[in-house]
Amino acid sequence: MSTRRGVRGVRGVRGVAGLRWTASAVLLLTVGAAGCGAGDAGGGRPARGGPPDGQFGLGQPASAQQVAAWDIDVDTLGHGLPAGSGTPARGAALFAQKCALCHGANGEGAGNLYPKLIGREPRTGFPFGQDPKYVATIGNYWPYATTLYDYVHRAMPFVAPGSLTPDETYSLVAFLLWRNEIIPETAVIDARTLLAVRMPAHDRFVRDDRRGGPEFR
Ligand code: HEC
């Protein structure tokens, strides 16, 4: 799909990839150090190529609980949305407490670093590439409400990703949808009602159904 999600993905991956690289580097250093130690001590292990049975004795199988803790994605069809619910009013209090610091009290963003979250203009057309005064927001560019849950729960607040409970996340999503004039202030957002929300930007995107060929890049 040629969507903003793609762009988001790329931006997100950059940071994560950096972390992964660091983690791998640490692991390599650790393995390297362990290898040297074994060699120095003359512990009977081959100096190169690892132990004969191919087992390094590192790590342990992930438990079902550990896997579940990582398995948090919510897709466009709402798969993965947990039980729980939230309201714009509860979200407003949470936003002031946990989000306004970076995104501004009214979700107006700050500089180039902290994205604007609230804003519906332009209500028609797709002038983002031509007119820099239009900034992509949840109200004018985000195609699915369900992936807003996914993103907020997975990645925000920036300094403590994954710390929001389902109820808190539903409330923050409800607040953002309300302030973007997408749901009424009285709405209750849960897995069912969130899936029913149609985003203003939904039809601004088309599914990329290309399957290769010279024009495919
Ligand atoms: C410490 C600063 C900080 C705090 C606090 C913070 N954010 Fe963010 N937020 C960011 C940054 C930086 C990005 C851009 C991340 C990126 O592009 O990879 C972002 C991106 C987002 C986006 C995606 C916007 C877009 O158009 O791409 C949403 C939605 C969002 N934040 C919601 C929240 C919510 C809800 C909270 C409170 C629970 C929150 N943020 C708290 C810094 C923050």
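What kinds of residues make up the shell around the ligand? They divide into 15 nonpolar, 2 polar and 3 charged. Keep in mind as you look that this is a predicted model. In total, 20 residues surround the ligand, and the closest are C99, C102, M156, P157 and F158.

Where along the chain does this shell come from? Three helices each supply at least two of its residues: α1 (4-41), α4 (100-103) and α6 (145-155). Domains contribute as well, for the shell draws at least three residues from domain 1 (4-59) and at least three from domain 2 (85-204).

Now find α6 again, one of the helices that supply the shell. Of its 11 residues, 8 are buried, so α6 is largely enclosed by the rest of the structure. You can pick out the buried ones by name: A145, T146, T147, L148, Y149, D150, V152 and H153.

Helix α3, residues 88-98, has its own pattern. Which of its residues are buried? They are P88, G91 and F95. Viewed down the axis of α3, these buried residues fall within an arc of 50°, so they line one face of the helix.

What covers the buried residues of α3? The cover includes β1 (85-86), α4 and α7 (166-179). On the face of α3 turned away from the buried side, you will find the exposed residues A93, A96 and Q97.

Technical notes
Residues are numbered from 1 along each chain as its sequence is written. This is a predicted model: local features need pLDDT of at least 70, side-chain atom pairs count only at pLDDT 80 or more; totals for chains, interfaces and linings use all residues. A residue is near a molecule or strand if its C-beta atom, placed from the backbone, lies within 6 Å of it. Helices (H or I, at least four residues) and strands (E, at least two) are DSSP runs, numbered from the N terminus. Ala, Val, Leu, Ile, Met, Phe, Trp, Tyr, Cys and Pro count as nonpolar, Asp, Glu, Lys and Arg as charged, and the others, Gly among them, as polar. Domain bounds come from an automatic or database domain assignment. A residue is buried if 20 or more other C-beta atoms lie within 10 Å of its own, exposed if 12 or fewer, and partly exposed in between; C-beta atoms are placed from the backbone. The arc is that of the directions from the helix axis to the C-beta atoms. Two residues are in contact if their C-beta atoms, placed from the backbone, lie within 7 Å.
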